[in-house]
Amino acid sequence: MPKVKIARKSSAVDMTAMCDVAFLLLTFFMLTSNFTRKEAAAINAPSSISEIKIPERNILLILVDEKGKIFFGIDGQENRISLLERMGALYNLQFSPAELKEFSLINSFGLPIEQMKGFLSLNPEERESTSYALGIPSDSLNNQLKNWVTVSRSISKDYRIAIKADQATAYPKIKKLMETLQDLNENRYNLITTLETAADLEPNL
Amino acid sequence: MAEIAQNHRKGRKKRRSKKLSTRVDFTPMVDLGFLLITFFMLATTLNKPQTMEIALPSKDKSAEDEQSVVKASRAITLLLDKNNAVYYYEGTRENEIDPVLYKTNFSPTGLRQFLLKRNYEVMSKIRELKADRERLKLSDKEFDQRLTAIKSDKSAPIVLIKATNESVYRNLIDALDEMAICNIERYAIDDISPFDLSLIETFNAQNKHSNGR
């Protein structure tokens, strides 16, 4: 009877395949990810049970901070350039190509357009200082927000308006913003919230 | 001398080929790969904000006529006030008698309980529909159709949300949330009227009075 030969197996597993998979997934996540963009103001959005995700593109973001200051931003770098050009024409301001380029890299801002030139000449770290977080004027005498929204909408009809307000923002500020948008006949918009895990939604009746 | 050098090299080569295998240990590389994957997964998907879609009526005069007169039996008015307080009353002022105002809050046993009770018919129908979907394997389209039909029931309550100047944005979102939870199809955000403010005032005055006693 022949002896049964037991093959000697090494205890080391071949990691090459696993490594392949890991890096494949890594590549996938790196390519599909878009990082949370830095916003001009720190905003603590209220939580809600709504589970609708915000669309990825064509967002016209209006931020309202705790004190009611308004910040504004659109996505799409080309659109940002034409936005500033047209806004400049509206307020008799001339922006250089370098300034337009700088502006196209800014996600959101909150300052009167008269100060935009000074703001763009700073480097990104200096822009974060609070002296430039003034809020966009939106009162009835000087409603720049209205113009920003109108011009953005004229550049691309696809922009959806998203409002992200702090949970402690006083209601009159929100109401004023909604009225401004209503004046522009913008009646549909998204309110950005964070997810709330409602444990007990339906109490026993 | 050249020979010696050659010999030396040969000898070293032999020794190396004996000792080292061509296999590289990939374990640390896999570790690193999965660490990065974890990072990217967490950095992307978890940070996506939610959104709440809302549509306000347009300011046109023509649309204003369309705002049909709400039947008093269906109307519920919510008044959002400071410190997360909510007041509500049913119907409106009729025959010179003010509607009764109640004070509550946004907890599950507060406003939600009241709204669910008012909307009980719709809620139970929806529950039945959900059970039907499991049983009869309804298609999504059919389910949605029947859901809208249930929600637009003629006797379902209509909610008017009015926020006072002291309320904060969070209260509004909370109120809109309650609408979604309680399956209330028709609601509107409205400006607060002096009448509503006077109701709150009398309510608070009365309460102070009864507490004092």
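How many bridges join E6(A) to strand E1 (residues 50–55) of chain B, and in which sense do the two strands run? In this predicted model, six bridges join them, and the strands run antiparallel. Within this pairing, Tyr189(A) has Ile54(B) as its bridge partner in E1(B).

**Contact between the chains**
- On chain A, 50 residues are in contact with 44 residues of chain B.
- Elements that give two or more residues to this side of chain A are helix H1 (16–32), strand E2 (52–53), strand E5 (160–165), helix H7 (171–183) and strand E6 (188–195).
- H1(A) gives the most, with nine residues.
- By class, the side of chain A that touches chain B has 30 nonpolar, 13 polar and seven charged residues.

**Strand E3 of chain A**
- Strand E3 (residues 59–64) of chain A is mostly covered, with six of its six residues buried.
- In a regular strand the side chains alternate between the two faces of the sheet.
- Ile59(A), Leu61(A) and Leu63(A) point one way from E3(A), while Leu60(A), Ile62(A) and Val64(A) point the other way.
- E3(A) pairs with E5(A) in the parallel sense over six bridges, and Leu63(A) stands opposite Lys164(A) there.
- E3(A) is also joined by five bridges to strand E4 (residues 70–74) of chain A, running antiparallel; here the partner of Leu63(A) is Phe71(A).
- E3(A) and E4(A) form a hairpin with five residues between them. Gly68(A), in the turn, has a positive phi of about 95 degrees.

**Helix H6 of chain B**
- Helix H6 (residues 140–151) of chain B has twelve residues, so at 1.5 Å a residue it should span 16 Å. Its end C-alpha atoms are 16 Å apart, which agrees.
- H6(B) is hardly covered, and the count of buried residues in this helix is zero.

Definitions and conventions. Residues numbered from 1 in each chain as written. Chains lettered and ligands numbered in written order. Predicted model: local features only at pLDDT ≥ 70, side-chain atom pairs only at ≥ 80, totals over all residues. Helix = DSSP H or I, 4+ residues; strand = E, 2+ residues; numbered from the N terminus. Expected span 1.5 Å × (residues − 1). Buried ≥ 20, exposed ≤ 12 C-beta atoms within 10 Å, placed from the backbone. Contact = placed C-beta atoms within 7 Å. Nonpolar A, V, L, I, M, F, W, Y, C, P; charged D, E, K, R; others polar. Pairing = 2+ DSSP bridges.
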